[in-house]
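I opened the model to look up its sheets, helix contacts and aromatic rings. My entries follow in the order I worked.

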Amino acid sequence: MGNLVSKLVIVESPTKARTIRNFLPKGYQVEASMGHVRDLPASANEIPAKVKRETWARLGVNVEADFEPLYIVPKDKKKVVRALSSALTEADELILATDEDREGESIAWHLTQVLKPRIPIKRMVFHEITREAIQDALEHCRTIDDRLVEAQETRRVLDRLVGYTISPLLWKKIAPGLSAGRVQSAAVRLLVIRERERRAFKSGSYWDLKATLEAHKQQFVAQLVTLGGVRLATGKDFDPETGQIPKNKKVILLNEKQARELIDRLINGEWRVKDVNERDQNRSPAPPFTTSTLQQEANRKLSMSAQKAMQVAQRLYERGLITYMRTDSVHLSQQALTTIRQRVKAKYGPEYLSPKPRQYRTKSKGAQEAHEAIRPAGLHMPTADELGLSGQEYALYDLIWKRTIATQMANARLRLSTVLIAVEDAEFRASGKRVIFPGFFRAYVEGADDPTAALDNQEVILPPLKVDEVVDCRALEPVQHETKPPARYTDATLVKALESEGIGRPSTYATIISTIQGRGYVDKSGNQLVPTFTAFAVNRLMEQHFPDLVDTRFTAQMEQVLDDIAEGDTAGIPYLKTFYLGEAGLDNQVKTKEQEIDPRDIHALELDDLRARVRIGRYGPYLEQDNNGETIRVSLPSNMPPGDLVNDEVERLLREKEEGPTPLGYHPENQEPVFVLSGPYGPYVQLGENGDNNGEKPRRVSIPKNMNPDAITLEQALALLDLPRVLGAHPDTGEAVEVGIGRFGPFVRHNGEYRSLAKSDDMLTIELDRALELIAQKKQRRQPELLRDLGAHPDDEKPVAVYNGRYGPYVKHGKTNASLPKDMTVESITLEQALALLVAKKARKSKKKKKS
């Protein structure tokens with residue numbers, strides 16, 4: 001065997017392995033485990049034959065023997081394990097360098113259980129992959145922390161018990177393929193509650209006046225605030241459930257008529273300054289990023305989903321560019337503080353440096369992830385430009401760099417001014433803001449993309465006004481306001497709510513959001529997370545029969561128990577016994593509720609004062625109403641948000657079902673009716689009635705996304721029905737050049753060649769010259785969007801990754817692509833699962849070849 005001089009270092013991913021190799025001395029061999037090497041069985045096929053007959057086998061947890069997990073090495077991981085075992089035979093020491101959170105600790109422990117090394121084992125942890133950090137970590141190795149391992153194992157078992165016990169009940173009572181989860185169900189409830197609030201909301205209307213005033217040759221704006229000494233009503237005065245102002249509120253509510261009469265009375269009055277108030281304000285920079293705040297700002301500033309932000313951050317971390325990205329700490333090391341302050345002084349000057357190093361305290365109770373905030377790694381902290389980054393990696397790194405640098409910059413100093421101007425019995429208020437010293441605003445303004453532009457927007461300069469000074473009124477106009485319902489959650493606001501409620505931990509926020517989207521509980525509309533009717537049905541079952549599991553306080557308490565286990569303050573098994581076993585345990589609850597729950601009751605959603613029931617069927621939500629002894633049913637549009645379903649829409653859908661849709665008009669040549677309809681794949685125009693024309697389907701054409709179906713005219717509908725339309729002959733070939741619309745939107749076509757129209761092109765008015773210009777352009781091969789890098793394939797070390805395709809996400813390795821099943825999400829899929837999908841796809845391909 002030769003001399004054993006090698007030290008085997010195991011990390012999770014090939015990218016991380018490549019980066020670490022650069023910083024280790026000779027004699028160190030670095031290999032990747034591709035994530036977990038073993039886990040609970042993912043399907044019945046993976047359950048060992050010797051325990052398949054056991055009542056607990058489907059759970060993968062022996063609930064009869066202190067909740068002992070049934071760990072298996074998946075088929076696609078056996079080759080990885082063999083390779084690691086082989087490498088271990090050439091080593092005299094094993095160093096486990098997986099991530100420093102509970103998940104990383106768990107992976108390290110599982111490696112020891114599978115590989116069973118007979119050589120010394122060390123646990124190496126670091127929060128950044130730099131030469132200095134790796135050298136320091138090598139000198140300060142420790143043993144595996146059994147408390148962190150127990151906390152992670154308890155979490156895994158708890159999640160399995162909840163998911164595998166309640167999900168089958170959802171399949172029986174609502175629809176196949178649904179799932180419940182320990183944290184996902186609580187998150188869905190937050191979204192459903194917000195949608196209910198939007199349904200219950202009643203809008204209120206109020207008016208005020210906006211005055212354009214002038215003094216010292218400078219114009220400024222003032223708003224009406226009081227009339228006759230009584231405050232004018234604003235949006236916060238309205239009751240959201242009635243749309244009215246409560247009777248006990250002493251405010252003045254103006255309508256349009258009163259607002260216009262007030263203009264006539266005040267416009268020519270004497271406008272005199274009644275009061276001038278100025279005060280200085282100091283603004284301090286926000287703390288450096290945690291996982292939660294990074295996801296929120298990346299969503300607000302860069303329009304990245306929480307999932308996308310974590311994928312990009314993971315790549316930056318594994319390349320050694322930022323510190324570990326799963327953390328709820330805002331602490332900065334002493335070395336980091338020194339580097340940041342040097343960069344501030346060099347880039348912005350000494351006057352922009354805070355007087356002394358600014359350190360932040362972590363507010364999160366039981367902070368259990370990494371021990372430092374997310375920041376640029378290393379001793380130099382180069383900018384994104386200096387690193388030569390591009391695309392999303394550039395954008396996210398730049399965000400992290402600016403936020404980090406701002407933490408050690410001087411406070412911004414602002415001068416806020418408020419001026420009251422009186423005219424007759426009315427008072428108007430003008431507010432000003434002047435930046436005396438920008439301080440950290442030079443580098444970073446929270447919620448703004450461009451610090452320089454944001455700095456300009458910070459300022460509202462008022463003229464130098466004095467009490468009793470008369471100003472000129474240049475214009476006075478009425479302004480109408482409508483109170484708005486509570487905003488739906490976005491990725492950013494849901495992450496903030498989850499953190500605030502104590503649901504989940506930094507490493508789980510992105511997974512929670514992607515899971516509830518993947519399960520069909522949430523649709524994304526722009527950046528809004530809109531709960532579906534299915535979410536309402538599942539939440540109704542959970543609230544009525546398992547209220548604890550969707551109660552945010554109960555879920556937060558469970559997280560606290562896991563934190564206590566990690567700290568060594570409590571044990572996992574007694575908690576699992578209390579939670580799952582006994583008369584009040586989850587297992588018994590589900591068995592009892594299975595007999596009690598009536599599927600028809602759960603399927604029927606009684607939504608406020610709707611004059612019809614909403615039910616969940618096999619093919620989605622539908623309306624149901626009894627009419628003269630008959631039951632009328634009509635499908636709901638797939639994109640209909642529950643909060644927007646009102647009686648007018650209900651009546652329209654039911655009327656169309658009974659009477660048929662109302663024609664938009666009639667075709668001028670054959671007098672056939674033209675309809676605007678909505679189907680499973682979106683809105684479309686139709687020529688003729690269904691069932692006419694000897695059983696042939698009527699002509700249908702999709703309405704492009706840039707056209708509003710509610711505002712479409714007969715002329716536009718006829719133009720769509722005329723597609724594909726010949727624009728003329730190609731000057732080179734004499735063949736027809738056509739414009740049309742297909743599955744992927746509007747296009748021009750010539751001789752079998754297609755080109756998509758640009759957003760600025762109108763398919764109804766495009767002319768031949770523009771079409772020829774598009775056809776002459778080189779066909780752009782659509783580059784698939786990389787969603788997640790899963791690691792290297794154990795056979796050939798080539799990357800296995802998840803991409804976003806035309807038909808949804810898919811796994812790719814070499815020339816093999818495999819679509820993700822509905823029960824898998826981009827965030828949750830593991831390398832093992834991806835390899836299994838690829839194997840299955842190859843097997844199907846080879847069967848087809850044999851048949852042919």
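**Conventions.** I count two strands as paired if DSSP finds at least two bridges between them. Helices (H or I, at least four residues) and strands (E, at least two) are DSSP runs, numbered from the N terminus. This is a predicted model, in which local features need pLDDT of at least 70 and side-chain atom pairs count only at pLDDT 80 or more, while totals for chains, interfaces and linings use all residues. Residues are numbered from 1 along each chain as its sequence is written, and side-chain values use heavy atoms, with hydrogens and water left out.

**Antiparallel pairs.** I began with E13. E10 pairs with E13 in the antiparallel sense over 2 bridges. Trp271 has Val471 as its bridge partner in E13. Strand E7 (residues 205-215) also pairs with strand E13 (residues 470-482) in the antiparallel sense, over 10 bridges. There, Ser205 has Glu482 of E13 as its bridge partner.

**Whole chain.** I find 25 helices and 31 strands in the chain. The C-alpha trace spans about 100 × 85 × 75 Å along its principal axes. Of the 852 residues in the chain, 51% are buried. I use buried for under 20% relative accessible area, exposed for over 50%, and partly exposed in between (1.4 Å probe, protein chains only). Contact means heavy atoms within 4.5 Å. Among contacts with a separation of 6 or more, 67% come from residues 24 or more positions apart.

**The parallel sheet.** Which strand order does the open sheet of 4 strands have? The order is E2-E1-E5-E6, with parallel pairing. Strand E2 (28-32) and strand E6 (121-123) are at the edges with a single partner strand each, so one side of each has no neighbour in the sheet. From one strand to the next the twist averages 25°. Strand E1 (residues 6-11) and strand E5 (residues 91-96) run parallel and are joined by 5 bridges.

**Helix H1.** Helix H1 (residues 14-21) packs on the sheet and touches E1 and E2. The direction of H1 makes about 165° with that of E2. My axes are lines fitted to C-alpha atoms, for helices over the stretch in contact, and angles run from 0 to 180 degrees between N-to-C directions. How many of the 8 residues of H1 are buried? The count is 6, so I note H1 as mostly covered. The buried ones are Pro14, Thr15, Lys16, Ala17, Thr19 and Ile20. They pack against E1, E2, helix H4 (131-139), helix H9 (306-318) and strand E28 (785-792).

**H6 and H15.** Helix H6 (residues 184-200) packs on helix H15 (residues 509-518) at an angle of about 75°, with the axes 10 Å apart. That makes H6 roughly perpendicular to H15. H6 makes the contact with Gln184, Ala187, Val188 and Leu191, and H15 with Ile512, Thr515 and Ile516.

I then picked out Ser185, which is found in H6. Its relative accessibility is 7%, so Ser185 counts as buried. Leaving aside residues up to four places away in sequence, Ser185 touches Ala180, Met542, Leu549 and Val550.

**Aromatic rings.** Rings of Phe, Tyr and Trp (its six-membered ring) pair if their centres lie within 6.5 Å; planes under 30 degrees apart count as stacked, over 60 as edge-to-face and the rest as tilted. The count by this rule is 12 aromatic pairs. Phe289 and Tyr444 have ring centres 6.4 Å apart and planes at 80°, so this pair is edge-to-face. Phe289 lies in the loop between strand E10 (271-283) and helix H8 (291-302), and Tyr444 in the loop between strand E12 (426-437) and helix H13 (451-458), so the pair ties together parts 155 residues apart in sequence. Both Phe289 and Tyr444 are buried.

Tyr803 and Tyr810 are stacked, at 5.9 Å centre to centre and 25° between the planes. Tyr810 has 13% relative accessibility, so it counts as buried. Ring pairs also link Tyr348, Tyr352 and Phe437 into a cluster.

**Charges over rings.** My test is NZ of Lys or CZ of Arg within 6 Å of the ring centre and within 35 degrees of the ring normal. Lys301 lies over the face of Tyr444, 3.7 Å from the ring centre. The charged end of Arg160 sits over the ring of Tyr164, 3.9 Å from its centre.

Technical notes. Angles under 35 degrees count as roughly parallel, over 145 as roughly antiparallel, 65 to 115 as roughly perpendicular and the rest as oblique.
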